[in-house]
Amino acid sequence: MSDLYAVIGNPVAHSKSPLIHAGFARQSGQDIRYEAIFAPLDGFVETAGAFRQRGGKGANITVPFKLEAHALSSRLTERAKAAGAVNTLVFEAGDILGDNTDGAGLVRDITVNLGHALDDRRVLLMGAGGAARGVIRPLLEHEPAALVIANRTRQKADDLQQLFASLGNVVSAAYGDLRGQEFDLVINATSASLHGDLPPLPKGIFASASLAYDMMYGKGLTPFLQFAQQQGAARLADGIGMLVEQAAESFFLWRGIRPETGPVIEMLRSSPGSL
Ligand code: ATR
């Protein structure tokens with residue numbers, strides 16, 4: 001019988017994870033089954049428990065259950081502790097291991113797939129919710145000259161700054177404070193793109209050779225990527241690469257094999273209607 005995995009979320013029907021993991025399994029000859037499981041908003045723990053009962057070996061956890069998955073874990077990786085959220089569970093004999101592969105996925109997409117260095121660079125991270133928090137530690141591991149966290153609600157950026165200050169040069173800011181500053185990498189970790197909005201960024205923040213990265217993806221450019229293009233960012237990237245890389249990191253955790261992500265990113269981009 002195939003080993004059983006799943007993504008658990010609400011909603012979950014739109015999830016690309018089954019497609020991605022099926023691609024990894026085909027490519028690496030691994031015999032797995034991967035399902036998409038819808039959990040009621042008040043029923044995450046029961047749903048995860050029932051899946052484990054059925055023989056589930058591991059799960060990806062998506063919106064809005066990453067905090068509950070963190071609480072459910074009996075052991076946490078260091079990066080899951082720093083993220084304060086869990087996107088990958090491993091069901092072991094006596095334990096539930098919680099990990100967070102989102103930040104590693106982002107950093108790998110930026111540094112390996114896009115070939116954009118982070119060390120000694122000035123990085124701007126927009127947003128201070130769960131998505132932003134999850135990527136701070138992995139970004140700091142690459143020792144940027146500065147990591148500036150900007151958020152509409154300033155206090156939340158200040159809180160994150162304090163939480164991560166010991167790990168590198170982290171600065172918090174309001175959007176207005178960014179006037180006159182330039183960045184080599186600007187990451188949109190807000191949910192603004194979901195609503196067709198653009199965070200209130202001043203003009204002139206993109207250094208030459210800069211990369212604009214939106215963790216969201218969809219058809220066409222997000223408002224942030226359109227702005228970045230108009231403002232002369234050298235390169236634009238959406239979150240597809242991050243999505244596939246975080247999945248690859250989960251697959252590695254479960255199966256001990258690092259799949260090739262390039263063909264799967266290609267497949268997602270080229271299959272009509274898949275985004
Ligand atoms: P997630 O877990 O996806 O990060 P979240 O915790 O709701 O979701 O956080 C959403 C983030 O997007 C927040 O940083 C939010 O800013 P506030 O803290 O000020 O609410 C940010 N955000 C959402 N819409 C935005 C917009 N139109 N402009 C700027 N920031 C926005």
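Reader: How many aromatic pairs does a search of the whole structure find?

Author: The search finds 7 aromatic pairs. Keep in mind that this is a predicted model.

Reader: How do tyrosine 34 and tryptophan 254 pair, then? What are the distance and the angle?

Author: Their aromatic pair is tilted. The rings sit 6.3 Å apart, centre to centre. The angle between the planes is 45 degrees.

Reader: Why does that pair tie together parts that are apart in sequence?

Author: Tyrosine 34 belongs to strand 2, residues 32–38, and tryptophan 254 belongs to helix 9, residues 240–255. The pair therefore links parts that are 220 residues apart in sequence.

Reader: Asparagine 151, then. How many Å from an oxygen atom of the ligand does its polar side-chain atom lie?

Author: That atom of asparagine 151 is 2.7 Å from a ligand oxygen. Lysine 156 also places a polar side-chain atom 2.7 Å from an oxygen atom of the ligand.

Reader: And glycine 130? Which of its atoms lies 3.1 Å from a ligand oxygen?

Author: For glycine 130 it is a backbone N or O atom, 3.1 Å from an oxygen atom of the ligand.

Reader: What share of the ligand does the protein bury?

Author: The protein buries 72% of the 640 Å² that the ligand exposes when taken alone.

Reader: Which pocket is the space taken by the ligand?

Author: The ligand takes up the largest pocket.

Reader: Where does proline 11 lie? And where is the place of proline 64?

Author: Proline 11 is in the loop between strand 1 (3–9) and helix 1 (17–28). Proline 64 is in the loop between strand 3 (56–61) and helix 3 (66–72).

Reader: Last one: aspartate 120. Is its phi positive or negative?

Author: Positive, at about 65 degrees, although aspartate 120 is not a glycine.

Reader: Where does aspartate 120 lie?

Author: Aspartate 120 sits in the loop that runs between helix 5 (102–113) and strand 7 (122–126).

How values were computed
Residues are numbered from 1 along each chain as its sequence is written. This is a predicted model: local features need pLDDT of at least 70, side-chain atom pairs count only at pLDDT 80 or more; totals for chains, interfaces and linings use all residues. Side-chain values use heavy atoms; hydrogens and water are left out. A polar contact is a pair of N or O atoms within 3.5 Å; within protein, one must be able to donate a hydrogen and the other to accept it, and residues adjacent in sequence count only if both atoms are side-chain atoms. Accessible areas come from the Shrake-Rupley method with a 1.4 Å probe; for residues, only the protein chains shown count as cover. On a 1 Å grid over the protein atoms alone, a cavity is a set of points where a 1.4 Å probe fits but cannot get out, and a pocket is an open set with protein on both sides within 12 Å along at least five of seven lines; lining residues have an atom within 4 Å of a point. A molecule sits in a cavity or pocket if more than half of its atoms lie within 2 Å of its grid points. Rings of Phe, Tyr and Trp (its six-membered ring) pair if their centres lie within 6.5 Å; planes under 30 degrees apart count as stacked, over 60 as edge-to-face and the rest as tilted. Helices (H or I, at least four residues) and strands (E, at least two) are DSSP runs, numbered from the N terminus.
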